[in-house]
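My notes follow the order in which I checked things.

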Number of protein chains: 2
Amino acid sequence: MALQNVLIDGNWREARATGSFQSINPATGTALADEYPISSWGDCEAALDAAAEAAVLLGQVPTERVAKFLNRFADRIEGRATEIAETAHAETALAKSPRLSRIELPRTTGQLRQAAKAAIEGSWALPTIDSKLNLRSCHSALGPVCIFGPNNFPLAYNGICGGDFAAAIAAGNPVIAKGHPSHPGTTRLLAEEAFAAVGETALPSATVQMIYHIGREDGLRLVSDPRIGATGFTGSRAAGLALKTAADAAGKPIYLEMSSLNPVVVLPGALRERIEKIADEYTDSCLAGSGQFCTKPGLLLLPGGEVSERFVMQVRQRFADRPVAPLLSPTVQKSLDASVKKLTAAGAKVVIGGDVVVGDGFRYSNTLLRIDGAAFLANPEILQTEAFGNASMIIVAHDVAQLAEIVTKLEGQLTGSIYSSTVGDDDKSYAQLSSILRQRVGRLLNDKMPTGVAVNPAMNHGGPYPAAGHPGFTAVGIPASLRRFSQLECYDNVRKNRLPPLLADRNPTGKTWRLIDGEWSVADLKA
Amino acid sequence: MALQNVLIDGNWREARATGSFQSINPATGTALADEYPISSWGDCEAALDAAAEAAVLLGQVPTERVAKFLNRFADRIEGRATEIAETAHAETALAKSPRLSRIELPRTTGQLRQAAKAAIEGSWALPTIDSKLNLRSCHSALGPVCIFGPNNFPLAYNGICGGDFAAAIAAGNPVIAKGHPSHPGTTRLLAEEAFAAVGETALPSATVQMIYHIGREDGLRLVSDPRIGATGFTGSRAAGLALKTAADAAGKPIYLEMSSLNPVVVLPGALRERIEKIADEYTDSCLAGSGQFCTKPGLLLLPGGEVSERFVMQVRQRFADRPVAPLLSPTVQKSLDASVKKLTAAGAKVVIGGDVVVGDGFRYSNTLLRIDGAAFLANPEILQTEAFGNASMIIVAHDVAQLAEIVTKLEGQLTGSIYSSTVGDDDKSYAQLSSILRQRVGRLLNDKMPTGVAVNPAMNHGGPYPAAGHPGFTAVGIPASLRRFSQLECYDNVRKNRLPPLLADRNPTGKTWRLIDGEWSVADLKA
């Protein structure tokens with residue numbers, strides 16, 4: 001069978017492949033028809049050369065045209081929505097609707113359009129002007145961005161159209177997308193639309209490039225190549241840390257979103273008030289998308305007592321009642337089983353589940369583990385193993401003091417939630433726990449589960465290491481996500497006719513926010 | 001002789017020393033009286049524990065009090081200005097006036113006061129609010145910051161009072177300062193005033209800590225310790241990269257300002273117009289402070305021709321006429337000589353200088369090297385060796401095309417300057433060269449030498465690797481420099497009485513800029 005083509009240097013062309021792979025329908029376990037190449041370093045080399053050239057050309061393209069590309073791309077995705085959702089469904093077993101076509105696809109096109117708007121508006125770049133010294137600075141494109149998309153969002157995080165892609169392009173950089181091998185067909189469709197939109201808007205043809213898969217060593221080489229500006233990665237901790245080491249050694253920025261347990265603390269007053277509601281919310285958040293979200297609550301913490309025991313039983317019942325949905329791939333199934341076994345070997349007890357489901361495709365029983373606080377504290381590292389998929393663990397602590405001790409042992413997390421009484425019964429415990437939790441999480445929630453990441457300027461989808469690679473950046477939330485793929489550029493005494501539009505005396509759009517002599521303003525600079 | 005005490009955990013106490021050292025008067029070469037400890041890991045351990053505790057306490061201190069500390073500290077430095085300048089002069093041979101007492105000391109106190117103002121005002125944290133979703137985020141303290149100051153600014157970059165210190169404290173973090181061994185007496189005086197100001201403003205007593213010197217391995221351990229939030233470093237590339245490797249591996253942010261050649265391109269039209277003025281400016285910029293600035297122009301590039309030859313001769317004359325001032329230390333002298341020898345071995349010709357000056361203290365002749373463009377291009381890596389001190393190299397290129405080729409070979413730099421005709425004669429060359437140079441420098445200058453870094457919101461004192469560790473951050477320029485020492489924190493559905501003041505409905509100062517529903521505003525949030 002002929003291998004699918006890769007998109008390099010403005011052409012869909014044969015890969016210089018070192019091997020090939022097929023995607024598998026996770027609901028049935030059968031391989032899908034098409035065969036995709038694993039690219040050699042030769043493909044990466046060609047993509048890097050083309051991207052470096054495109055980066056220079058892109059620097060001369062008006063921002064409006066870059067924005068037009070993002071908008072056209074969004075339109076084109078919508079024009080092919082049915083085929084995209086069907087392909088993604090076949091490759092991931094995620095529901096065609098609502099998940100793929102009514103949630104993830106609109107989120108994807110929404111991100112592209114928000115990024116387009118941010119690119120034109122320009123405030124993302126934090127333009128800063130000192131009129132007396134004629135000193136001006138802003139964030140600006142930094143060169144080709146390499147993006148590694150994850151398995152769990154075939155659209156919204158796909159390297160060729162997701163949040164990192166939108167941010168990198170909007171900041172003015174060409175993208176080399178490395179698809180995830182679990183949904184190459186989806187990636188192909190999206191890359192086709194991206195490339196068509198590049199043509200329609202006359203961007204440099206290597207503004208978007210896509211390869212399906214590469215070997216590990218080539219990945220490390222790619223992120224540390226001198227031609228690369230920065231890298232965005234969403235995926236497993238092991239892969240992320242290997243890429244980070246390589247990029248760091250070369251002095252190349254890399255933004256990683258890795259593992260997270262997203263601890264949820266439930267205080268007694270909240271449980272007394274609304275035990276069923278919280279059990280529902282926790283179950284929904286654990287099992288939606290078979291638990292394959294970066295923000296799935298992998299850990300729920302509560303102090304012991306009769307009401308807590310009731311809560312565990314209520315969750316157990318819900319986990320038992322819910323259908324088991326397929327996982328994304330055999331890899332996810334295998335790794336979930338290994339994680340659950342690692343946790344139980346370290347002392348966690350199975351409340352329900354804990355088994356591979358035999359039959360069609362790749363499934364795992366809805367799994368609830370529990371452990372008591374002292375046992376957790378005896379082995380806090382192993383017991384923070386991420387179980388990616390439809391599994392979660394409840395830690396039943398002795399009391400709030402022990403809860404606090406447990407929270408101090410937690411690694412950096414994307415999120416942390418606290419449920420508390422609405423009438424103030426838990427306020428003292430909240431104060432104590434939230435200050436410890438706050439330092440360890442990127443997003444602190446009240447009375448809410450962490451899944452469902454709004455694409456909003458105030459969002460932080462990031463957190464302290466090892467949840468992310470750097471605690472100061474977010475992968476979701478425009479305009480902040482754009483700044484990851486930028487460098488800070490200062491113009492000192494540069495003549496006015498040589499300044500970029502964003503830093504000219506005249507406000508480039510009439511509505512771009514700029515920090516002029518210490519005040520944010522949309523006005524022109526006084527002559 | 002008794003060793004000087006270190007400042008750890010709120011006490012001036014004996015170091016657990018592994019050795020000791022004295023500072024040397026670089027003008028005479030004689031050792032100064034006091035003896036200072038090289039701290040063991042035991043001292044670091046104690047400082048880390050105390051800093052971790054101070055970080056928690058500091059989180060509960062109102063920002064106004066942190067600002068008060070910074071202002072009081074500035075006042076106290078001024079109150080002891082004469083002794084500080086005299087000590088710094090004895091340890092560095094930098095002029096007491098104007099350099100130390102009239103330039104660097106006011107810059108230092110100015111930075112502290114600007115940081116105090118920024119801390120109170122709060123806009124540095126980019127507070128961002130979505131009122132519909134009740135989603136709010138801002139940058140916030142991230143934990144103890146370790147600061148390694150350089151040899152060349154005993155006050156303005158000193159780990160215990162310089163720009164990184166001011167930024168880290170203003171962002172709400174305690175500081176562990178590691179002094180530079182070439183000016184320990186100055187560091188002691190400054191640490192005494194810092195600690196006295198801590199007492200006066202009742203901050204946690206370990207908010208500022210200071211050790212004089214540590215071994216290499218302990219430095220690597222310090223920046224990667226779990227209790228550390230981030231590190232700021234200014235100094236040599238070798239030391240910086242070693243610390244970066246250690247911090248990166250532990251997932252700890254580290255901000256480095258390392259070497260830079262600060263290329264200056266002089267185009268023919270500019271030379272024809274004002275050859276003497278440019279020769280003066282270049283000479284001043286190369287020899288001020290014996291060339292011991294991170295932004296000293298280490299490289300000047302110009303196309304060949306009669307006027308260029310005349311320029312070289314004019315600079316030669318000026319370098320010959322200027323007195324030779326002492327270097328900061330025997331280390332700087334030795335390293336400057338080694339760099340010059342490396343450059344000449346690689347093909348650079350000595351126009352003037354190139355010798356250690358025999359006699360009192362540590363001096364090196366004002367040194368001008370030259371090389372032609374083709375020779376540079378034959379060996380561009382070695383020929384970018386930094387010669388820290390009063391030396392610079394002129395590259396005489398064949399033509400503008402060759403200049404462009406040379407600029408593409410340049411490593412990441414803090415700055416890059418272009419001098420051009422004021423009547424448009426060089427505009428084509430400017431356009432060609434500036435777009436290449438722009439990508440390689442943090443600050444692009446027109447008709448101006450790079451020394452003299454204004455402490456200004458629009459400044460960028462940073463640049464692409466290896467000039468700095470990350471191209472998106474500046475070490476100078478408040479408020480941006482504060483964000484290095486922060487993490488992004490999001491509040492999702494958090495109850496209003498639990499929000500930090502910066503994110504409350506009410507504007508905390510009535511004049512804090514916040515991004516509310518997409519608009520920068522100093523208003524309260526509508527209820």
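I began with strand β10 (residues 230-234) of chain A, which pairs with β11(A) in the parallel sense over 4 bridges; strands pair if DSSP finds at least two bridges between them, and strands (E, at least two residues) and helices (H or I, at least four) are DSSP runs numbered from the N terminus. The model is predicted, with local features needing pLDDT of at least 70 and side-chain atom pairs pLDDT 80 or more, while totals for chains, interfaces and linings use all residues. Residues are numbered from 1 along each chain as its sequence is written, and chains are lettered from A and ligands numbered from 1 in the order in which they are written.

Within this pair I found Thr234(A) opposite Glu257(A). With helix α8 (residues 237-249) of chain A, β10(A) and β11(A) make a right-handed β-α-β unit, right-handed meaning that, with the strands pointing away from the viewer, the path from the first strand over the helix to the second runs clockwise.

I then turned to an open, mixed sheet of 12 strands, which runs from β23(A) to β16(B) and includes strands of both chains. Because β23 (519-521) of chain A and β16 (349-352) of chain B each have a single partner strand, one side of each is left without a neighbour in the sheet.

In chain B I noted that β15 (residues 299-303) and β20 (residues 391-397) run parallel, joined by 5 bridges, and that Leu300(B) stands opposite Ile394(B).
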